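Please look through the following notes with the model open beside you. They go from the overall fold to a few local features.

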Amino acid sequence: SLRLLQHPPTPHLSTMMLSSRRAVLAAGAMARHSRLTSSSAVKETPPAQVPAAAPAAAPAGDPWHVFQPTALAVVNTAGNLCALAAAATHDHMAVRLLAGSAGLFVASFNFLMPKPLKTHQKTAGSWGMLFASLHFVNLAWLMYEQDHGVKLSEEEEDIYEHGFQMHGVTPRQFQKLRKAGAAFKDYAPGEVIVAAGTPVDKVLYV
């Protein structure tokens with residue numbers, strides 16, 4: 001007798017290949033859909049906002065105690081003019097005023113230079129302040145002496161104005177000189193004041 005061996009039905013090869021192709025196509029479609037979705041997400045994402053740079057601050061000007069070269073040259077010139085005028089004048093009070101102003105300009109020229117100041121600038125400025133202070137103190141003293149109760153006679157005032165004031169002697173100093181033993185003496189015409197060759201032991205003002 002013959003025995004028939006029956007096997008379970010096997011799907012056709014073409015059917016298996018078609019199923020496989022459909023699976024590959026489905027995977028590809030899903031990949032393309034994923035790439036498109038990712039691309040659209042990238043396109044829809046707004047660009048990052050870069051903060052605008054803050055406007056540059058305007059350069060701060062120099063403080064009042066710092067002068068530029070042109071202003072320093074003006075200060076230096078003014079100080080030299082005051083010193084020149086002090087050397088040319090004969091009045092004692094004017095000399096003190098102008099010399100004190102010159103010292104003040106010297107101090108200003110050094111202290112108003114760009115900071116930080118160097119040692120020689122501080123030294124020169126300090127000496128200028130010292131000279132200016134001494135001149136102004138003496139000027140104040142001269143003005144005090146001139147304006148406080150000095151009384152001169154008409155003759156004394158004439159002698160003071162023509163012989164002493166031009167040399168910087170104040171009225172108070174002239175009065176002290178008078179009180180130290182000075183005396184007026186009148187001589188007749190032709191009278192000998194001092195004989196030639198005679199030693200002179202006093203100052204005579206004719």
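1. Some terms come before the first points. Helices, of at least four residues, are DSSP runs of H or I, and they are numbered from the N terminus. The model discussed here is predicted.

2. By that definition, the protein has six helices and zero strands. Along the sequence the pattern reads α-α-α-α-α-α.

3. Of the 206 residues in the protein, 17% are buried. The accessible surface comes to about 16600 Å², and carbon and sulfur atoms account for 64% of it. Among contacts with a separation of 6 or more, 56% are between residues 24 or more positions apart.

4. Where does Pro116 lie? Pro116 is in the loop between helix 3 (92–111) and helix 4 (119–147). The peptide bond joining Lys115 and Pro116 is cis, with omega about 0 degrees.

5. A nonpolar surface patch consists of Tyr187, Ile193, Val194, Val200, Leu204 and Val206. Together these residues have about 550 Å² of accessible area. Val194 belongs to the segment after helix 6 (171–179). Is Val194 buried or partly exposed? Its relative accessibility is 41%, so Val194 counts as partly exposed.

Key:
Residues are numbered from 1 along each chain as its sequence is written. This is a predicted model: local features need pLDDT of at least 70, side-chain atom pairs count only at pLDDT 80 or more; totals for chains, interfaces and linings use all residues. Side-chain values use heavy atoms; hydrogens and water are left out. Patches are made of residues with over 30% relative accessible area and no salt bridge: like charges are joined within 9 Å, nonpolar side chains (Val, Leu, Ile, Met, Phe, Trp, Tyr) within 5 Å. Accessible areas come from the Shrake-Rupley method with a 1.4 Å probe; for residues, only the protein chains shown count as cover. A salt bridge is a side-chain nitrogen of Lys or Arg within 4 Å of a carboxyl oxygen of Asp or Glu. Helices (H or I, at least four residues) and strands (E, at least two) are DSSP runs, numbered from the N terminus. Buried means under 20% relative accessible area, exposed over 50%, partly exposed in between (1.4 Å probe, protein chains only). Contact means heavy atoms within 4.5 Å.
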